[in-house]
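Here are a few friendly notes to read alongside the structure.

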Amino acid sequence: MGSSVAEPPCARSDGAWGLRRRTDLANLKLAKSSVLLLRIQQTRRTIMIRSSKAVWTGSGKEGNGKLTSTSGVLKETPYSFHTRFVSEDGKAGTNPEELIAAAHAGCFTMKLSFLLGNKGFTPDELDATSEVKLGPVEGGTGITGIHLVLKAKVPGVSQADFDACAEDAKVNCPISQVLKAVPITLSASLVK
């Protein structure tokens, strides 16, 4: 019975509630716009599309093709049976396995850089080679495995942190995820 009940803030005579309410509304609008921006960024990430075009003419063994990428890195780059199975020096053109290897090495090193950064380390250099092995498989010829070779300069990182990050990148970079139908192995070393 004799308990006092505090007046709600809106009843204050100094108008503080009104100011706080306007500030709260502004903060709410800012929060909503931040959430919207985050959703837009997430949506952009989830629907990102990269494309390349291949045009092939002729038979499988005697014919040839040209590869063009949206970025322009590949611009009517030649490929053929010869560039794929005979000429391993790459001077006559490229081949699908070489392009997979480039994509994998690039994706792996970028993922590894992010993982190391999350632990507080910035690599001076991540030098990765992806070796895509093509050989006999049931039904013909196919990719039989991929081996990543990494030489890394990462100041201050422990061997354990480095190994954990490298293994994580090997398993979880987006290109590894696509290629997980074949064995992927890794040889990783820290260099000074």
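**Notes on the salt bridges and a surface patch**

1. Lys170 and Glu167 sit 3 residues apart in helix H4, so about one helical turn separates them. Please keep in mind that this is a predicted model. The two side chains form a salt bridge, with 3.1 Å between the closest N and O atoms. Lys170 is buried, at 13% relative accessible area, whereas Glu167 is partly exposed at 36%.

2. How many salt bridges does a search of the whole structure find? The search finds 3. One of them pairs Glu97 with Arg84, whose closest N and O atoms are 2.5 Å apart. This pair links distant parts of the chain, as Glu97 belongs to helix H3 (residues 96-118) and Arg84 to helix H2, 13 residues apart. Glu97 counts as buried, with 8% relative accessibility, while Arg84 counts as partly exposed, with 33%.

3. Asp161 and Lys119 also meet through their side chains in a salt bridge, at 4.0 Å from N to O. Asp161 is in helix H4 (residues 159-172) and Lys119 is in the loop between H3 and strand E4 (125-137), so the pair ties together parts 42 residues apart in sequence. Asp161 is partly exposed at 26% relative accessibility, and Lys119 is partly exposed at 44%.

4. Turning to the surface, Phe85, Val86 and Leu134 form a nonpolar patch there, with about 240 Å² of accessible area together. Val86 lies in helix H2 (residues 81-86). Its relative accessible area is 49%, so Val86 counts as partly exposed, given that exposed means over 50%.

How values were computed:
Residues numbered from 1 in each chain as written. Predicted model: local features only at pLDDT ≥ 70, side-chain atom pairs only at ≥ 80, totals over all residues. Heavy atoms only, no water. Patch = residues over 30% accessible without salt bridge, like charges linked within 9 Å, V, L, I, M, F, W, Y side chains within 5 Å. Areas by Shrake-Rupley, 256 points an atom, 1.4 Å probe, with all protein chains shown as cover. Helix = DSSP H or I, 4+ residues; strand = E, 2+ residues; numbered from the N terminus. Buried < 20%, exposed > 50% of the residue type's maximum accessible area, 1.4 Å probe, protein only.
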